[in-house]
Amino acid sequence: TLAALAESLALTYDGLPVLDGVEIDSFWKGDEDVCLFAHDLDNAERVPATDAAAALAEHIAVPGPLTYSGRPFQVFIELKGSVGPSESERHSPAQRDAHAACAWSMYEIVAEAAISAKQEVEIVFTSFGPALLVAMRRAQPDERPVRARFSAIQGIPSPLDGQTHSLDDYAG
């Protein structure tokens, strides 16, 4: 939730932020064609994913250290691989492209705040879905003023978990 995100970002120890980064999930809700800030639909607040990016941007804009370690603040944006309540409901090509555009919009919001506040931030796009990361790479802007990279999430191997893909599925 946005409230839990705010609470987490406000945590401090010895006057420094406790967190050196945070993950925010983006979920493309296929039947409504909306990009939500949600881990899944069961617990979704129905908040646009860009609202979570805006909340991070507000945090980044506050003067002072962003991390406990003094290293760049890492923002992990996970693109969820399903578009409905069932894991088997996968993105169509158009939905993948729209989800990628949403994630790049999140990037732009966070990157703009980092540049304005002169804060070091790194953005990492993650997903269990190879096709989503390929769509992200295809949609990436020519210039990225804040470092961005891509990361595949691997979990329990098949047949125990259907989310994990072979590295060959990531097409480079």
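These legends go with a set of close-up views of one predicted model.

The model is predicted, so local features need pLDDT of at least 70, side-chain atom pairs count only at pLDDT 80 or more, and totals for chains, interfaces and linings use all residues. Residues are numbered from 1 along each chain as its sequence is written, and side-chain values use heavy atoms, with hydrogens and water left out.

**View 1. Helix α4 and what sits over its buried side.**
Helix α4 spans residues 130-139, and its buried residues are P130, L132, L133, A135 and M136. Here "buried" means under 20% relative accessible area, "exposed" means over 50%, and "partly exposed" is anything in between (1.4 Å probe, protein chains only). Helices (H or I, at least four residues) and strands (E, at least two) are DSSP runs, numbered from the N terminus. The cover over the buried residues of α4 includes β5 (73-79), α3 (93-117), β6 (121-127) and β7 (148-152).

**View 2. An aromatic cluster made of W104, Y107, F125 and F150.**
Rings of Phe, Tyr and Trp (its six-membered ring) pair if their centres lie within 6.5 Å; planes under 30 degrees apart count as stacked, over 60 as edge-to-face, and the rest as tilted. Searching the whole structure turns up six aromatic pairs. Take W104 and F150: their ring centres are 6.4 Å apart and their planes sit at 70°, so this pair is edge-to-face. W104 belongs to helix α3 and F150 to strand β7, so to speak a link between distant parts of the chain, 46 residues apart. W104 has 4% relative accessibility and counts as buried, while F150, at 21%, counts as partly exposed. Next come Y107 and F125, with ring centres 6.3 Å apart and planes at 40°, so that pair is tilted. Y107 is in helix α3 and F125 in strand β6, so the pair ties together parts 18 residues apart in sequence. Both are tucked away: Y107 is buried with a relative accessible area of 2%, and F125 is buried at 0%.

**View 3. The disulfide between C35 and C102.**
How many disulfides does the model have? The count comes to one, where a disulfide is a pair of cysteine sulfur atoms within 2.5 Å. The sulfur atoms of C35 and C102 are 2.1 Å apart. The torsion about their S-S bond is about -80°, so the disulfide is left-handed. C35 counts as buried at 11% relative accessibility, and C102 counts as buried at 9%.

**View 4. A nonpolar surface patch built from L11, Y13, V18 and Y68.**
Together these four residues show about 400 Å² of accessible area, worked out by the Shrake-Rupley method with a 1.4 Å probe, where for residues only the protein chains shown count as cover. Patches are made of residues with over 30% relative accessible area and no salt bridge; like charges are joined within 9 Å, and nonpolar side chains (Val, Leu, Ile, Met, Phe, Trp, Tyr) within 5 Å. V18 sits in the loop between β2 (16-17) and β3 (21-29). At 40% relative accessibility, V18 counts as partly exposed.

Side chains of opposite charge can pair when their charged atoms come close. A salt bridge here is a side-chain nitrogen of Lys or Arg within 4 Å of a carboxyl oxygen of Asp or Glu, and the count comes to seven. K29 and E32 meet in one of them, at 3.3 Å from N to O; K29 is buried at 6% relative accessible area, whereas E32 is partly exposed at 46%. K80 bridges to E78, with the closest N and O atoms 3.1 Å apart. K80 is buried at 9%, and E78 counts as buried at 6%. R149 pairs with E122, the closest N and O atoms being 2.9 Å apart. R149 lies in strand β7 and E122 in strand β6, so this bridge ties together parts that are 27 residues apart in sequence. R149 is partly exposed, with a relative accessible area of 30%, but E122 is buried at 8%. Finally, salt bridges that share partners join D25, E78 and K80 into one network.

Terms used. Contact = heavy atoms within 4.5 Å.
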